[in-house]
Amino acid sequence: DFTLEQMVRLLKVYRDRTTDLGRDRRFRHAVVLKNHGAVWSHYPHAHSHVIATPFTPKRLEEELAGAREYHRMRERCVFCDQLAEELGAGTRVVARNGHFVSFAPFASEYPYEMWIVPLRHQTAFAAVHDEAVLALAEVLIDALARLRAALDDPPYSVVLHAGPLDGSEKAEFHWHWEIVPHLGHELGMEWATGIFSNPVVPEEAARRLRAAIPDRAG
């Protein structure tokens, strides 16, 4: 429901808050999280979380460790390689502009999961410049509008994955946003083991999301 101007303002708040938190040497990592709909929320009003921790959360540490290992073996960023593969295949791409691309990632854990990734390698979300914030706002509004149109406004979470606040992992990590709809398919196996079973292949998810708003530029 945000206008482009409103989304730009929100993203700048996220950027500026994480920049400020990075100046505090007590903090190792910052997580930005936005929930929509009746999902894991005690508050009825729309709100976001910007949370700094003195450690790297387990989920992000696993992602960082995988990125470090890939860079050690290939001397390249795994996210840059993934991005090149997604753009080359095209079947999982939802939309793009001059700075960002949204796509349904290969082997998605969740049905209709989307990532928004900067085309240019960058580790810290805090370093994004104003022109790129505008481009990010365009792609984020587009992605959420497609989710609403395709799935009848489902509950979802939007989460920022960025590198550590101290600026390390510059070559290995590539910041991105992950959009995860909560469609109620998660079973005990997923939560008990971390093994996910996604009933919607990402190519079909991307096709349906593209078709949800066929006249929108992408």
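This is a predicted model: local features need pLDDT of at least 70, side-chain atom pairs count only at pLDDT 80 or more; totals for chains, interfaces and linings use all residues.
Residues are numbered from 1 along each chain as its sequence is written, and side-chain values use heavy atoms, with hydrogens and water left out.

Let me begin with the whole chain. The protein chain has 6 helices and 7 strands, where helices (H or I, at least four residues) and strands (E, at least two) are DSSP runs numbered from the N terminus. Along the sequence, their order is α-β-β-α-α-β-β-β-α-β-β-α-α. Of its 218 residues, 44% count as buried; buried means under 20% relative accessible area, exposed means over 50%, and partly exposed lies in between, using a 1.4 Å probe and protein chains only. If we take contacts (heavy atoms within 4.5 Å) with a separation of 6 or more, 69% of them come from residues 24 or more positions apart.

Now to the aromatic rings. How many aromatic pairs does a search of the whole structure find? The search finds 7, and here rings of Phe, Tyr and Trp (its six-membered ring) pair if their centres lie within 6.5 Å, with planes under 30 degrees apart counted as stacked, over 60 as edge-to-face and the rest as tilted. One of them joins Phe-79 and Trp-115, and because the ring centres are 6.4 Å apart with the planes at 40°, the pair is tilted. This pair links distant parts of the chain, since Phe-79 sits in helix H3 (residues 78-89) and Trp-115 in strand E5 (residues 114-118), 36 residues apart. Phe-79 is buried at 6% relative accessibility, and Trp-115 is buried too, at 11%.

Trp-115 also pairs with Phe-103: the centres are 6.2 Å apart and the planes at 50°, so this pair is tilted. Phe-103 belongs to strand E4 (residues 100-103), 12 residues from Trp-115, and Phe-103 is buried. Elsewhere, Tyr-14, Phe-100, Phe-125, Trp-175 and Trp-177 form one aromatic cluster.

Glu-86, in helix H3, is buried, with a relative accessible area of 2%, and, leaving out residues up to four places away in sequence, Glu-86 touches Arg-92, Val-93, Phe-103, Ala-104, Pro-105 and Phe-106. Leu-160, in strand E6 (residues 156-161), is buried as well, with a relative accessible area of 2%. Leu-160 and Lys-34 are 126 residues apart in sequence, and their C-alpha atoms are 9.1 Å apart in space.

Finally, the helix pair. The axes of helix H4 (residues 130-151) and helix H6 (residues 202-212) come within 8 Å and cross at roughly 95°, where axes are lines fitted to C-alpha atoms, for helices over the stretch in contact, and angles run from 0 to 180 degrees between N-to-C directions. That makes H4 roughly perpendicular to H6, a label for 65 to 115 degrees, whereas under 35 counts as roughly parallel, over 145 as roughly antiparallel and the rest as oblique. Among the residues that meet are Leu-147 and Leu-151 in H4 and Leu-209 in H6.
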